[in-house]
Amino acid sequence: MLLEASNISIAYGDIQAVREVSFQVEKGELVSIIGANGAGKTSILNSIMGLVPLKRGTILFKGDNITNRPAYKRAGAGIRIVPERARLFPRLTVMENLLTGAYRLRKKIPLEDRIAWLYTLFPILEKRKSQPAATLSGGEQQQLAIARALISDPQLLLVDEVSMGLMPKLVDQVFEQLHRLNQENGLSILLVEQNALASLEISRRAYVLETGVCVYEGNAEEMLSDPKLKQAYLGQ
Ligand SMILES: Nc1ncnc2c1ncn2[C@@H]1O[C@H](COP(=O)(O)OP(=O)(O)O)[C@@H](O)[C@H]1O
Ligand SMILES: [Mg+2]
């Protein structure tokens, strides 16, 4: 198992954001955690990255207990996050933003090769490489945030609500890119999303989160084809 979270709870003072949630990601899997605004999705991803502490529970990465490890060590172990709303440096150029992801490289991959590969995945970034990130459209910013995370060749990519604020056509495009990274490059991905349908279409498995509690877990294809499940959890 690549990632194994067991009974994790997260709190901000008296606010209990996540209660006793367990989930796993196998190597090569694309898994989604879907839930409405405030369900606890960002808290969960941040806790995996080491950006918020757990109140209870454990997180194993490749069998190592990383529950109390600082974020930089998790990055060094191969975990990367595409944060909610991309969080780029608006005044830095596209290329400069990309390079901010190139710390703690796991392997000695020549950076030029890595960047060339990213430009084949996201050709628009090459066209825009000298522009400030602030001048990119929402979809382009999300692509840059994904590319910035990929530059270090991560083993697990955490993706926080990449569809937020994008037009449906762009949502499909970005999800298709994630799908291809998973299928063709074998990248393990944990997505958290409000857009349940789009994320289930590219996921193998999914967890449904409601106000900090996991209320369902299952095969994504089954969820999409079962009208009762769709009605209960996907608002369809
Ligand atoms: N820094 C914080 N301080 C206090 N409460 C927070 C903080 N971050 C999130 N919360 C609360 O925790 C709950 C889960 O939030 P979040 O993880 O952001 O959910 P989601 O990403 O699913 O929208 C919400 O009730 C939210 O208001
Ligand atoms: Mg969120």
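Here is a friendly conversation about a predicted model of one protein chain.

Student: How many helices and strands are there in the protein chain?

Tutor: Good place to start, and please remember that the model is predicted. The protein chain has 236 residues, of which 42% count as buried. Its secondary structure comes to 10 helices and 10 strands.

Student: What radius of gyration does the protein chain have, and what does the globule rule give?

Tutor: Let us start with the outline: along the principal axes, the C-alpha atoms fill a box of roughly 45 × 40 × 35 Å. The globule rule gives 18 Å for 236 residues, and the radius of gyration is close to that, so the chain is as compact as a globular protein of that length. The radius of gyration itself is 17 Å.

Student: What share of the contacts with a separation of 6 or more comes from residues 24 or more positions apart?

Tutor: Here we count contacts in the protein chain with a separation of 6 or more. Residues 24 or more positions apart account for a share of 69%.

Student: Which residues stand opposite Leu3 in β2 and in β4?

Tutor: In β2, the residue opposite Leu3 is Val25. In β4, the bridge partner of Leu3 is Phe61.

Student: Which residue in the turn between β4 and β5 has a positive phi?

Tutor: β4 and β5 form a hairpin with two residues between them. In the turn, the residue with a positive phi, about 50°, is Lys62.

Student: And which residue in the turn between β1 and β2 has a positive phi?

Tutor: This hairpin, formed by β1 and β2, also has two residues between its strands. The phi in question is about 60°, and the residue is Gly13.

Student: How does Glu20 count by its C-beta neighbours?

Tutor: Glu20 lies in strand β2 and has a positive phi of about 50° although it is not a glycine. A residue between the cut-offs, 12 or fewer for exposed and 20 or more for buried, is in the middle class. With 13 C-beta neighbours inside 10 Å, Glu20 counts as partly exposed.

Student: Which strands stand at the edges of the open sheet of six strands?

Tutor: The order in this sheet is β6-β7-β8-β3-β9-β10, with mixed pairing. A strand with a single partner has one side left without a neighbour in the sheet, so we look for the ends of the order. These edge strands are β6 (79–82) and β10 (213–219).

Student: By what angle are neighbouring strands of this six-stranded sheet turned against each other on average?

Tutor: The value is an average over neighbouring strands, with direction ignored. That average is 15°.

Student: What is the bridge partner of Leu156 in β8?

Tutor: β7 (residues 156–160) and β8 (residues 188–193) pair in the parallel sense over five bridges. For Leu156, the bridge partner in β8 is Ser188.

Student: Which element gives the largest share of the shell around ligand 1?

Tutor: The residues around ligand 1 include Tyr12, Ile15, Gly40, Lys41, Thr42 and Ser43. By type, the shell divides into four nonpolar, six polar and one charged. Two elements give two or more residues each, β2 (15–25) and α1 (41–49). The largest share, three residues, comes from α1.

Terms used. Residues are numbered from 1 along each chain as its sequence is written. Chains are lettered from A and ligands numbered from 1 in the order in which they are written. This is a predicted model: local features need pLDDT of at least 70, side-chain atom pairs count only at pLDDT 80 or more; totals for chains, interfaces and linings use all residues. Helices (H or I, at least four residues) and strands (E, at least two) are DSSP runs, numbered from the N terminus. The radius of gyration is taken over C-alpha atoms; the globule rule is 2.2 Å times the number of residues to the power 0.38. Two residues are in contact if their C-beta atoms, placed from the backbone, lie within 7 Å. Two strands pair if DSSP finds at least two bridges between them. Axes are lines fitted to C-alpha atoms, for helices over the stretch in contact, and angles run from 0 to 180 degrees between N-to-C directions. A residue is near a molecule or strand if its C-beta atom, placed from the backbone, lies within 6 Å of it. Ala, Val, Leu, Ile, Met, Phe, Trp, Tyr, Cys and Pro count as nonpolar, Asp, Glu, Lys and Arg as charged, and the others, Gly among them, as polar.
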